[in-house]
Amino acid sequence: MVEAATRHEAQRKLLVSGFRAQLMADLMIAAHCSPFVEGALGWAGSTTALMLFLAPLVTVRAILRDKTVGEYSPTPYVVSAMNCALWSVYGLAHLASEAQVIATNGPGLLFEVGYVGVFVAHETTPAARAAL
């Protein structure tokens, strides 16, 4: 009985926290940030995304040093390259209003394609190379 009450309390807290998060998101949308704040937050997000695209450099350096991919999976880099490609196509279609999307995802696409290239060049098994 105590376990059911604890579980019910945990579910209630989760529901309340979800409601609070939704309320805060609604308030932020309703507040309509000033263009300066909106631009600053947008470029801060773009900078963070670019840092995220540079994060695999540690893995790539290890692959280049060891001359093999070992147990590393190329999946995150392939998916990230596809993500950047899709966002870049979207940005090119809306070039006038979405230059920031291209400024972020264009370099990201180049980095990710480079990472995938390193995986292809250093993959030792023919089956895995064919899968890439």
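**Entry 1: helix H5**

I looked up helix H5 first: residues 99-122 give it 24 residues, and the span from its first C-alpha to its last is 35 Å, close to the 34 Å expected at 1.5 Å a residue. The expected span is 1.5 Å times one less than the number of residues. I noted that helices (H or I, at least four residues) and strands (E, at least two) are DSSP runs, numbered from the N terminus.

The model is predicted, with local features needing pLDDT of at least 70 and side-chain atom pairs counting only at pLDDT 80 or more, while totals for chains, interfaces and linings use all residues. Residues are numbered from 1 along each chain as its sequence is written, and side-chain values use heavy atoms, with hydrogens and water left out.

**Entry 2: the whole chain**

I found 6 helices and 0 strands in the chain. The order from the N terminus is α-α-α-α-α-α. Of the 132 residues, 20% count as buried; buried means under 20% relative accessible area, exposed over 50%, and partly exposed in between (1.4 Å probe, protein chains only).

The accessible surface of the chain is about 9600 Å², and 72% of that belongs to carbon and sulfur atoms. Such areas come from the Shrake-Rupley method with a 1.4 Å probe; for residues, only the protein chains shown count as cover.

I then looked up contacts, meaning heavy atoms within 4.5 Å. Among contacts with a separation of 6 or more, 68% join residues 24 or more positions apart.

**Entry 3: Asn105**

Which residues of H5 are buried? I listed Val101, Thr104, Asn105, Gly108, Glu112, Tyr115, Val116, Val118, Phe119 and His122.

I picked Asn105, which lies in helix H5. Asn105 counts as buried because its relative accessibility is 9%. Beyond its neighbours within four places in sequence, Asn105 touches Phe53, Cys84, Trp87 and Ser88.

**Entry 4: Tyr72**

I placed Tyr72 in the loop between H3 and helix H4 (75-93). Its relative accessibility is 39%, so Tyr72 counts as partly exposed. Leaving out neighbours within four places in sequence, I found Tyr72 in contact with Thr59, Ala62, Ile63 and Phe119. Tyr72 and Phe119 are 47 residues apart in sequence, and their C-alpha atoms are 8.9 Å apart in space.

**Entry 5: a surface patch**

Which residues make the nonpolar surface patch of about 220 Å²? I found Leu54, Leu57 and Phe111. Patch residues have over 30% relative accessible area and no salt bridge; nonpolar side chains (Val, Leu, Ile, Met, Phe, Trp, Tyr) are joined within 5 Å, like charges within 9 Å. A salt bridge is a side-chain nitrogen of Lys or Arg within 4 Å of a carboxyl oxygen of Asp or Glu.

Leu57 sits in helix H3 (residues 57-66). With a relative accessible area of 38%, Leu57 is partly exposed.
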